[in-house]
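Please work through each task with the structure open before reading its solution.

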Amino acid sequence: MLTVENTKAWLLRFAEKVEANKAHLSDLDSVIGDGDHGNNMARGIKAMQEALESKEASDPADVLKNASMALLSKIGGASGPLYGSAFLDMSKQAKEDASDVSAIFRAGLSGIQKRGKAEPGEKTMVDVWHPVIKALESGELTTDTITDAVEATKPLKATKGRASYLGERSIGELDPGAVSSSYLFEAWLEGED
Amino acid sequence: MLTVENTKAWLLRFAEKVEANKAHLSDLDSVIGDGDHGNNMARGIKAMQEALESKEASDPADVLKNASMALLSKIGGASGPLYGSAFLDMSKQAKEDASDVSAIFRAGLSGIQKRGKAEPGEKTMVDVWHPVIKALESGELTTDTITDAVEATKPLKATKGRASYLGERSIGELDPGAVSSSYLFEAWLEGED
Amino acid sequence: MSEIGIVLSSHVSELAEGVYKLLSETAPKVSITYAGGTDDGDIGSSFDAITQAIEENEADHILSFYDLGSAKMTMEMAIEYSDKTVELFDVSFVEGAYTAASLLSGGADYDRVIEQLKPLIIK
Amino acid sequence: MSEIGIVLSSHVSELAEGVYKLLSETAPKVSITYAGGTDDGDIGSSFDAITQAIEENEADHILSFYDLGSAKMTMEMAIEYSDKTVELFDVSFVEGAYTAASLLSGGADYDRVIEQLKPLIIK
Ligand SMILES: Nc1ncnc2c1ncn2[C@@H]1O[C@H](COP(=O)(O)OP(=O)(O)O)[C@@H](O)[C@H]1O
Ligand SMILES: Nc1ncnc2c1ncn2[C@@H]1O[C@H](COP(=O)(O)OP(=O)(O)O)[C@@H](O)[C@H]1O
Ligand SMILES: [Mg+2]
Ligand SMILES: [Mg+2]
Ligand SMILES: [Mg+2]
Ligand SMILES: [Mg+2]
């Protein structure tokens, strides 16, 4: 069940993790992209934090919508419209039913895929969202699921996003967006304890 | 027969005509291009005049080569490398044989075509150079030949250069480069009187 | 003014401005607006800047062009939030936008522009 | 530094600089030089500026990209006057140059770059 409070708390934990790993995210991105994913995400979550503090939210859907707008407007990279779409569609689903968390995350994934057209296996954030949501739906989500999903992006060849320009050369590295997405789910799990 | 003197005099007459018709050339170019052909040519022939005055020339081939370099460096539009190639190849041919003027012009045309890959009928300067040289070779070149060649570019559809982006819409207008080329040949004819 | 406008979305402010200049020279009567880079002037795309480029365009029917994928996705979001009719083309950025601008400036109609853009689809 | 360099030739100074920035972000280890506009800063191409971009590039083997036809022809003249090996690609300007820069930066070899540029040929 999402509430205004646990949603805010979750997103703030997410923000902390991104902030703490900003340099790591950019390093990953500099190998198979343009090296800005950490900066992009840090800019986005800063705006998100400000929005969470300053904007009224009468339900968790509002919280998610405010986060969406901040991430969309401020990230500045491909991950901006992707996280923006994810949170927008999570917000819509939360409006319908704030109790079904799996369905909310599932809506987020479908927002990402609607926007970015990536299927699992293309070495994007989808490769974390997809297995994590499956595990969540069957009640088996652990930090291992998340870590494994991130690791599994290494051998993949990128066929979406900037890394796809590298072709075979993208093999052997973690996908930066997969890593930042893992923070979102880890932050969620920590609230479930 | 080309000499240093008659070559210089011819090119200076060409320069005068371009200067006098600068606005006209740009107007024509603004209809089916980007409106700069007059400015481009004026910039080029100014540099050419300066080169003709300041640079030593021991034979007509040198004169043509100096003109080539000035036009190539300063015109700034498609007509730069085209006139530059024309004069460079005319210079090479004049080096071989300064007495055969038709062969010199023929070399100029082949320089233009090597560079721009245009065939007659594509609504470019080639549509003036080609019939004019044919007339010259058969000893029948008159100002009418030149005027007719220019007029004949009107109904053509451009398939080379910027005007080609207009497709059918390029039909019904004179080609600016055909007009500037006509000045070169009129200036030549005036020296033949 | 042409009834159809053009919006450019690039990752780099200079790139957007440069394409704008190239197009404007040949198509002074087409409304062309652009967004380039993030709000801080970094390389990236700005939802707000793209939205503004769409809104400031004098036309209600807009053909839009982008350089790389993320400028496309941000543009798509902006399109969803806009009331105007904005079409996004997966064509070569500079050449596609230049073709559209030339044709619109020459008075070509919508169908003709679309037809000429087809061979430039590369994304 | 990659052994292969990239030279950009555009009609507009900002456009050349913008593409340079886009490429440099992703390919800091590739020598990329550029020429844009005429010597007076107008829209057009400069033989001298293109020649300089070729000579100043740290590589002797260069892949070159241009926006419109006249930048191509001026580049061709500059290539004829240069001692370096400069290859000119009739590909989409921004996307082609970005593809080449990414691949070179990732350590791809010449053949791989050529192969990836093929689908981007549009001129
Ligand atoms: N089409 C797409 N679908 C899903 N995820 C994508 C797509 N394109 C890029 N991404 C994700 O975005 C991440 C890169 O984000 P970022 O560096 O912020 O943007 P940019 O590539 O524009 O610099 C990638 O690691 C990948 O996970
Ligand atoms: N490929 C080509 N072959 C021959 N002539 C050409 C070609 N492309 C353009 N031209 C000529 O160049 C003229 C335009 O020159 P100009 O306006 O100076 O250059 P730009 O088109 O770059 O602005 C056209 O009118 C045409 O005669
Ligand atoms: Mg990035
Ligand atoms: Mg980026
Ligand atoms: Mg012109
Ligand atoms: Mg021009």
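**Exercise 1.** Determine how many nonpolar, polar and charged residues the shell around ligand 2 has.

*Solution.* The shell of this predicted model has six nonpolar, nine polar and six charged residues, where Ala, Val, Leu, Ile, Met, Phe, Trp, Tyr, Cys and Pro count as nonpolar, Asp, Glu, Lys and Arg as charged, and the others, Gly among them, as polar. In all, 21 residues surround ligand 2, each with a heavy atom within 4 Å of it, and the closest are N40(B), A78(B), S79(B), D175(B) and G177(B). Because the surrounding residues come from chains B and D, the site is shared between chains.

**Exercise 2.** Find which atoms of ligand 2 lie 2.9 Å from D34(B) and from G116(B).

*Solution.* Start with D34(B), which has a polar side-chain atom 2.9 Å from an oxygen atom of ligand 2. Turn next to G116(B), where a backbone N or O atom lies 2.9 Å from a nitrogen atom of the ligand. A polar backbone atom of M125(B), finally, is 3.1 Å from an oxygen atom of ligand 2. The protein covers 95% of the 570 Å² of accessible area (Shrake-Rupley method, 1.4 Å probe) that ligand 2 has on its own.

**Exercise 3.** Identify which element gives the largest share of the shell around ligand 2.

*Solution.* Two or more residues each come from α3 (37–54), α5 (79–96) and α9 (176–192) of chain B, helices being DSSP runs (H or I) of at least four residues, numbered from the N terminus. The largest share, three residues, comes from α9(B).

**Conventions.** Residues are numbered from 1 along each chain as its sequence is written, while chains are lettered from A and ligands numbered from 1 in the order in which they are written. Local features need pLDDT of at least 70 and side-chain atom pairs count only at pLDDT 80 or more, whereas totals for chains, interfaces and linings use all residues, and side-chain values use heavy atoms, with hydrogens and water left out.

Technical notes. Polar contact = N/O pair within 3.5 Å; in protein donor to acceptor, adjacent residues only side chain to side chain.
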